[in-house]
Amino acid sequence: MITDLPFKQTSGNIVLVGMPGSGKTTVGRLLAKKLQKTFIDSDEEIQHRTGVTIPHIFDVEGEAGFRQRESAALEELAQRRNIVLATGGGAPLSPANRAVLKQCGVVVYLKSSVHDLWHRTRHDHNRPLLQTADLHAKLQSLYEQRDPCYLEIADIVMHTGKQSVHMLLVRLLERLAALQGSQENQEASEMQTLTVGLAERSYPIHIGSSLLQRTAELLLPHLPGKRTVIVTNTTVAPLYLDRLRSNLERQGVRCSSIVLADGEQYKNADSINAIYNELLSSRSERGTPLIALGGGVIGDMTGFAAATYLRGVPFIQIPTTLLAQVDSSVGGKTGINHPLGKNMIGAFYQPRVVLADTDTLDTLPDKELSAGLAEVIKYGLIRDVSFLEWLEANMDKLRQRDKAALQQAILRSCQNKAEVVAADERE
Ligand SMILES: NC(=O)c1ccc[n+]([C@@H]2O[C@H](COP(=O)([O-])OP(=O)(O)OC[C@H]3O[C@@H](n4cnc5c(N)ncnc54)[C@H](O)[C@@H]3O)[C@@H](O)[C@H]2O)c1
């Protein structure tokens with residue numbers, strides 16, 4: 001069926017709204033660079049068109065004159081495609097401007113507290129409305145007037161808080177990807193995301209079906225460059241490697257792969273050396289992430305290789321067994337076996353993101369599903385009684401590989417594991 005999608009959904013535009021000092025220009029420039037869009041700051045555009053500064057327009061024509069020019073500029077800019085548009089803080093005050101911005105693209109509200117805004121703008125002399133004796137009071141009254149206008153048109157509200165611009169950007173890219181994904185893939189069940197809270201090393205775990213088809217949008221925000229190396233094994237490669245690789249390559253990400261022998265007996269230094277050999281001979285660089293595609297064995301080995309190759313490269317987990325989805329991919333324990341003991345050599349090394357695609361469990365042998373379910377039950381027994389009750393009621397569905405039930409079980413297990421890890425990373 002062909003439907004006419006609204007301009008908003010096809011324009012590729014992102015509109016940033018928010019108070020003066022909320023970071024629209026800084027975030028907008030970085031976002032545009034990352035997504036290869038054109039950045040436009042509406043205030044800069046007005047200055048460019050008139051040849052004079054905003055304070056000068058305010059002096060000569062007053063705020064009303066400036067607002068007229070602003071509306072005219074926005075109306076024109078909103079016809080363009082593939083732009084990131086940072087708007088002036090007062091632009092969404094007029095209902096007509098709000099309608100124009102809302103149809104132009106995805107609207108992101110960068111929401112900051114009045115105190116943070118005061119901190120960021122107190123030495124700024126280029127904002128005519130903020131040249132006042134009591135800046136805090138002025139910001140408070142502007143905020144009260146404008147916040148409802150921003151909220152009315154926002155598709156995404158990002159709280160800027162104390163996080164770095166880099167973290168804000170990562171989170172914003174995730175939110176944009178999730179929004180795009182939900183539009184593109186309405187049949188897929190809702191993906192759920194939880195965050196493992198480890199300060200600046202915090203990372204998301206995405207759980208749901210059809211995630212391998214959405215890897216580009218879910219992984220792209222975490223890739224420093226346009227290259228990755230996928231590590232997998234001879235069982236998983238024929239099942240899922242092409243799906244992952246083709247999705248990434250469609251987004252211009254160059255992927256190479258390392259396919260190891262399958263089995264716990266290969267979780268050793270020889271396999272790690274085989275990974276190093278491939279990485280060195282293909283001149284893999286410090287910014288090239290390693291993606292683990294497989295069960296716990298592949299995850300543990302790839303993580304250890306990522307922790308040690310060039311003293312650490314980015315690491316991404318795509319676990320394909322239930323055990324790996326509920327346990328080994330979360331928490332950052334990586335390593336290999338030694339002839340004198342299992343998991344004796346290793347490192348704590350956190351991934352940037354984990355994708356648990358419930359569709360990969362379709363091909364899992366029954367024995368491996370049972371091993372994963374045993375881990376799930378352990379969370380219920382050890383630390384989550386209500387989860388245990390839920391498991392008792394839903395065990396048949398889980399055994400029949402019901403997607404919604406599996407997603408719920410993975411989510412609750414990961415929540416439990418994430419709590420343990422956040423409390424003590426080296427537990
Ligand atoms: N790092 C941690 O915190 C942690 C925690 C628990 C376990 N582990 C480690 O995890 C390992 C066990 O993990 P596991 O149970 O996933 O074993 P595994 O990685 O050996 O996978 C089990 C089998 O399933 C196959 N497989 C994987 N995905 C498949 C799919 N989607 N369809 C069909 N076959 C598939 C594998 O090739 C393998 O043959 C052990 O080495 C253990 O030490 C690590």
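How far does a polar side-chain atom of Asn 233 lie from an oxygen atom of the ligand? The distance is 3.0 Å, which falls within the limit for a polar contact (a pair of N or O atoms within 3.5 Å; within protein, one must be able to donate a hydrogen and the other to accept it, and residues adjacent in sequence count only if both atoms are side-chain atoms). The structure is a predicted model, in which local features need pLDDT of at least 70 and side-chain atom pairs count only at pLDDT 80 or more, while totals for chains, interfaces and linings use all residues. Residues are numbered from 1 along each chain as its sequence is written, and side-chain values use heavy atoms, with hydrogens and water left out.

An N or O atom in the side chain of Lys 267 is found 2.8 Å from an oxygen atom of the ligand. With Lys 333, a polar atom of the backbone lies 2.8 Å from a nitrogen atom of the ligand.

The protein chain is assigned a domain 1, covering 7-166, and a domain 2, covering 192-363; these bounds come from an automatic or database domain assignment. The C-alpha centres of domain 1 and domain 2 are 40 Å apart.

Salt bridges number 20 in the structure, where a salt bridge is a side-chain nitrogen of Lys or Arg within 4 Å of a carboxyl oxygen of Asp or Glu. In the one between Lys 8 and Asp 155, the closest N and O atoms are 2.9 Å apart. Lys 8 belongs to helix α1 (residues 7-10) and Asp 155 to the loop between α7 and β5 (156-159), so the bridge ties together parts that are 147 residues apart in sequence. Helices (H or I, at least four residues) and strands (E, at least two) are DSSP runs, numbered from the N terminus. Lys 8 is partly exposed at 22% relative accessibility, and Asp 155 is partly exposed at 30%. On this scale, buried means under 20% relative accessible area, exposed over 50%, and partly exposed in between (1.4 Å probe, protein chains only).

A salt bridge also joins Arg 49 to Glu 76, with 3.3 Å between the closest N and O atoms. Arg 49 is in helix α3 (residues 42-50) and Glu 76 in helix α4 (residues 54-77), so the pair ties together parts that are 27 residues apart in sequence. Arg 49 has a relative accessible area of 38% and is partly exposed; Glu 76, with 49%, is partly exposed. Glu 45 is linked with Arg 49 and Glu 76 in a network of salt bridges.

Lys 342 is exposed, at 53% relative accessible area, whereas Glu 264 is partly exposed, at 33%.

Three aromatic pairs are present in the structure. Rings of Phe, Tyr and Trp (its six-membered ring) pair if their centres lie within 6.5 Å; planes under 30 degrees apart count as stacked, over 60 as edge-to-face and the rest as tilted. The ring centres of Phe 58 and Phe 66 are 5.1 Å apart and the planes stand at 35 degrees, so this pair is tilted. Phe 58 is buried, at 15% relative accessible area, and Phe 66 is buried, at 3%. Tyr 109 and Tyr 150 also form a tilted pair, with 4.9 Å from centre to centre and 45 degrees between the planes. Tyr 109 lies in strand β4 (residues 106-111) and Tyr 150 in helix α7 (residues 135-153), 41 residues apart. Both Tyr 109 and Tyr 150 are buried.

Ser 329 is located in the loop between α13 (322-328) and β12 (333-338). Ser 329 is buried, at 1% relative accessibility, and its side chain reaches the backbone oxygen of Ala 324 at 2.7 Å.
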